[in-house]
Amino acid sequence: QGFRLRLVTAEGHVLSDHVKSLQAAGIEDGDNITAFAQQKVQLASTGGAFALWRCGGDTVVTWGTQDSGGDVSAVQDQLRSVQQVQASQMAFAAGISL
């Protein structure tokens, strides 16, 4: 199951396309973004990307630069029953229950 997420800039602009890079959305270094979720979720960050997930859920949403883990589309179908996500400077690792 997925979850609804809204990313909002400090100016009140909603970033509706989580696949789009933060740079392409006009976000610059030092800008603030707020994530609103309708369920309890957890957040992890690398040097250039963020990951948001619900413990035990089947969706991990990422955004940011691809080189920093901002694109999980190649492995999204493997992210089932995610228990935690750990971040390094350049990548994410998901812990799942089997």
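**Chat on loop residues in a predicted model**

Q: Where is glutamate 28 in this one?
A: In this predicted model, glutamate 28 sits in the loop between strand S2 (14-15) and strand S3 (33-37).

Q: Buried or exposed, that glutamate 28?
A: Glutamate 28 is exposed, because its relative accessible area is 58% and the cut-off for exposed is over 50%.

Q: Which residues gather with Glu28 in a patch of negative charge?
A: The patch of negative charge on the surface is formed by Glu11, Glu28, Asp29 and Asp31.

Q: Other topic. Where is serine 81 found?
A: Serine 81 belongs to the loop between strand S6 (60-64) and strand S7 (82-87).

Q: What about the phi of serine 81?
A: The phi of serine 81 is positive, about 55 degrees, although the residue is not a glycine.

Q: Why point that out?
A: Because most residues other than glycine have a negative phi.

Q: How does serine 81 count for accessibility?
A: Serine 81 has 25% relative accessibility, so it counts as partly exposed.

Q: And serine 73, where does that lie?
A: Serine 73 is also in a loop, the one between S6 and S7. With 57% relative accessibility, serine 73 counts as exposed.

Q: What does the side chain of serine 73 have a polar contact with?
A: The side chain of aspartate 71, through a polar contact of 2.7 Å.

Notes:
Residues are numbered from 1 along each chain as its sequence is written. This is a predicted model: local features need pLDDT of at least 70, side-chain atom pairs count only at pLDDT 80 or more; totals for chains, interfaces and linings use all residues. Side-chain values use heavy atoms; hydrogens and water are left out. Patches are made of residues with over 30% relative accessible area and no salt bridge: like charges are joined within 9 Å, nonpolar side chains (Val, Leu, Ile, Met, Phe, Trp, Tyr) within 5 Å. Accessible areas come from the Shrake-Rupley method with a 1.4 Å probe; for residues, only the protein chains shown count as cover. A salt bridge is a side-chain nitrogen of Lys or Arg within 4 Å of a carboxyl oxygen of Asp or Glu. Lys and Arg count as positive and Asp and Glu as negative; His and the chain ends are not counted. The place of a charge is taken as NZ of Lys, CZ of Arg, CG of Asp or CD of Glu. Helices (H or I, at least four residues) and strands (E, at least two) are DSSP runs, numbered from the N terminus. Buried means under 20% relative accessible area, exposed over 50%, partly exposed in between (1.4 Å probe, protein chains only). A polar contact is a pair of N or O atoms within 3.5 Å; within protein, one must be able to donate a hydrogen and the other to accept it, and residues adjacent in sequence count only if both atoms are side-chain atoms.
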